Amino acid sequence: MSLRKYIVVKGRPILFPTDLIHAEVAGKQNEVESAGFFVIIKDKKGKRVVCIGESSSLSIASKPERDQKLIASYLGIAEEH
């Protein structure tokens with residue numbers, strides 16, 4: 001299980017490693033809807049995405065319920081939980 005970062009721009013997730021800064025990935029032109037961290041958890045029922053936290057560089061929080069669905073769909077992970 002590894003922690004990664006994300007931002008959501010125009011309803012689409014952009015996923016990237018934790019050594020990058022949210023604001024640098026977002027750039028100045030993009031309007032970021034939410035941002036934070038995510039992990040993919042594997043358990044008996046399969047895989048699921050869990051989003052947490054916020055971006056201090058953008059001062060924008062994650063929206064876990066929505067963001068988890070967006071990232072799971074983007075990665076092709078079925079939501080069974």
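**Ground rules.** I number residues from 1 along each chain as its sequence is written, and side-chain values rest on heavy atoms, with hydrogens and water left out. As the model is predicted, I ask for pLDDT of at least 70 for local features and 80 or more for side-chain atom pairs, while totals for chains, interfaces and linings use all residues.

**The sheet.** I looked up the strand order first. Four strands make an open sheet, ordered S2-S1-S3-S4, with antiparallel pairing. At the edges I find S2 and S4 (46-52), each with a single partner strand, so one side of each has no neighbour in the sheet. From one strand to the next, the twist averages 35 degrees. For my own record, strands (E, at least two residues) and helices (H or I, at least four) are DSSP runs numbered from the N terminus, and two strands pair if DSSP finds at least two bridges between them.

**Pairings of S1.** I then followed S1 (residues 4-9) to its partners. Five bridges tie S1 to S2 (residues 12-16), and the two run antiparallel. Here Val 9 faces Arg 12 in S2. With S3, S1 pairs over six bridges, also antiparallel, and I see Ile 7 opposite Ala 35 in S3.

**Helix over the sheet.** Which strands does helix H2 lie across? I find H2 (residues 64-75) across S1, S2, S3 and S4, at about 135 degrees to S4. Axes are lines fitted to C-alpha atoms, for helices over the stretch in contact, with angles from 0 to 180 degrees between N-to-C directions; contact means heavy atoms within 4.5 Å.

**Aromatics.** I searched the whole structure and got one aromatic pair. Tyr 6 and Phe 38 sit edge-to-face, 6.3 Å centre to centre with 70 degrees between the planes. The cut-offs for Phe, Tyr and Trp (its six-membered ring) are centres within 6.5 Å, with planes under 30 degrees apart stacked, over 60 edge-to-face and the rest tilted. The pair links Tyr 6 in S1 with Phe 38 in S3 (residues 32-43), 32 residues apart. Both Tyr 6 and Phe 38 are buried (under 20% relative accessible area; over 50% is exposed, in between partly exposed; 1.4 Å probe, protein chains only).

**Positive phi.** Lys 10 has phi near 50 degrees, positive though the residue is not glycine. Lys 10 lies in the loop between S1 and S2 and is exposed at 71%. Ser 59, also not a glycine, has a positive phi of about 55 degrees. I place Ser 59 in the loop between S5 (54-55) and S6 (60-61), exposed at 67% relative accessibility.
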